[in-house]
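Subject: A structure for you to look at

Hi there,

Here is the structure I promised to pass on. Have a look at it first, and then read my notes below.

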Amino acid sequence: MNRPIWHGHAITRAASLAGCTALVLALTGTGAQAHSPAHHPDPARQTLGAGDGWAAHGTGTTGGADADAEHVYTVTDWAGFKAALTAGGTAPRIIKVKGTIDAVSQGCEAFAAPGYDFDAYLEKYAPETWGLEQDLSAEPDDSPEGLRRASAARQDTAIKANIPADTTIIGVGRNAGIKGASLQIRGVDNVIIRNLTLESPVDCFPQWDPTDGSKGNWNSEYDTAVVYGSTHVWLDHNTFTDGEHPDSEAPTYFGMLYQQHDGELDIVRGANYVTASWNVFTEHDKTILIGNSDGESTAVGDRGKLKATFHHNLFSHLVERAPRVRFGQVDVYNNHFVADAGYSYSFGIGKESQLVAEHNAFTLPDGISPAKILKRWNDSPLTAAHNRVNGRSTDLIAVHNAEIPQETLRSGAGWTPALRAAVHPARAVPALVKHHAGAGRVR
């Protein structure tokens, strides 16, 4: 096993402005990095700037900026990464990821329990023999479903990584990333994740649920990153992608897509004070979920929390949930949304959500109406102003209500965001985000 080693330097890349981007910056009177994190020559020790979204609330977000030299690690493989997460006790730490780390380098076969056979699974639970009335929860351990459960448990242990408090995880240079892992930010405070290409984990053993919908469905686990009951989390300049395993290449079984992905980013179970800035979210279905249940038991822990800010992100070629919101005061501004023919919606308006969506730009293909940008799951008012669709100022609520009157939305989220970095006009956003969002662009 390669143990993590520390060093005191990071490779950085100076971003440059050119062409139309320079013109946009001149017109807006501010640079793309006007929101800049607190200055430090080493990006790994930069902290979230004052007032930069909900993660700046109260104590702010500093991650592992105060780590001493013994708690700065450079890692190049999954074993080293997981070792760095547990080394050094509770002291602040910085973990620098060099190159691409693969959490599933040995392939799905490495997790399969003895006796597991996917063909046997398909034969046993085919709708024409099993039916669609009974789920598989009562299946014994030695059944195909029982062996699937055992295999899934092995993968769960292998690919989940628990991120401790007071931690910064940052990619070194332009080509750093983590593949096939699920980053678990659970019950901790003060975490920073920056400059990484995060390829969504593939669930090697999805479960068939005959009772899910009228035809049954395949259900998968493992979000790329989960903020679960944690506070002060900053995700910046990352690229979230399905990478080598897009849904478009997934097979179908029992007439349904063999879904092997869950979310790219979930913020759930009383999580609070999160800022996601200058990221790319691309090539995914269920992208971002804020609040995971309407249930009253969950609501008790979520009301008054789930406060999150999304700014200067690129949401590209997604299906839905960018984000889908329950309960939280969520501020979404200065983002660029680029859709394709598979588009369903961007903003999901859920139970007691308080979404503010302002100064965003949307690029929709022919045949996709701006009315689809908003999706009402519950009757929760929102604020949507100063947004542009295909270069035109558009009242998102008005166009939605005009075309989908059976799902009428009300205006007025009931709060006004006070924690914002530089706010650019929506017309400037596509160029800014194109040239500065995503992994490899931290400076």
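By class, how many residues in the lining of the largest pocket are nonpolar, polar and charged? The lining has nine nonpolar, 10 polar and 11 charged residues. Here Ala, Val, Leu, Ile, Met, Phe, Trp, Tyr, Cys and Pro count as nonpolar, Asp, Glu, Lys and Arg as charged, and the others, Gly among them, as polar.

Before going on, please note that this is a predicted model: local features need pLDDT of at least 70, side-chain atom pairs count only at pLDDT 80 or more, and totals for chains, interfaces and linings use all residues. Residues are numbered from 1 along each chain as its sequence is written, and side-chain values use heavy atoms, with hydrogens and water left out.

**The pocket**

The largest pocket has a volume of about 600 Å³. A pocket is an open set of points on a 1 Å grid over the protein atoms alone, where a 1.4 Å probe fits, with protein on both sides within 12 Å along at least five of seven lines; lining residues have an atom within 4 Å of a point. The volume is the space filled by probe spheres set on the points, which are joined across faces, edges and corners. Of the 30 lining residues, the closest to the centre are Ser-220, Glu-221, Asp-223, Asp-262 and Asp-266. Elements that give two or more residues to this lining include E7, strand E12 (225-228) and strand E17 (265-268). Strands (E, at least two residues) and helices (H or I, at least four) are DSSP runs, numbered from the N terminus.

**The sheets**

Strand E26 (residues 347-349) is joined to E29 by three bridges, and Gly-348 stands opposite Lys-375 in E29.

Another open sheet has 10 strands in the order E3-E6-E9-E14-E19-E22-E25-E28-E31-E32, with mixed pairing. Strand E3 (100-102) and strand E32 (392-394) are at its edges with a single partner strand each, so one side of each has no neighbour in the sheet. Within it, strands E6 (residues 177-179) and E9 (residues 197-199) pair in the parallel sense over three bridges, and Ile-178 has Leu-198 as its bridge partner in E9.

**Two backbone details**

Most residues other than glycine have a negative phi, and most peptide bonds are trans. Asp-166 is not a glycine, yet has a positive phi of about 55°; Asp-166 lies in the loop between E4 and strand E5 (167-171). A cis peptide bond, with omega about 0°, joins Ala-322 and Pro-323. Pro-323 is found in the loop between strand E22 (314-320) and strand E23 (324-325).

Happy exploring!

Key. Two strands pair if DSSP finds at least two bridges between them.
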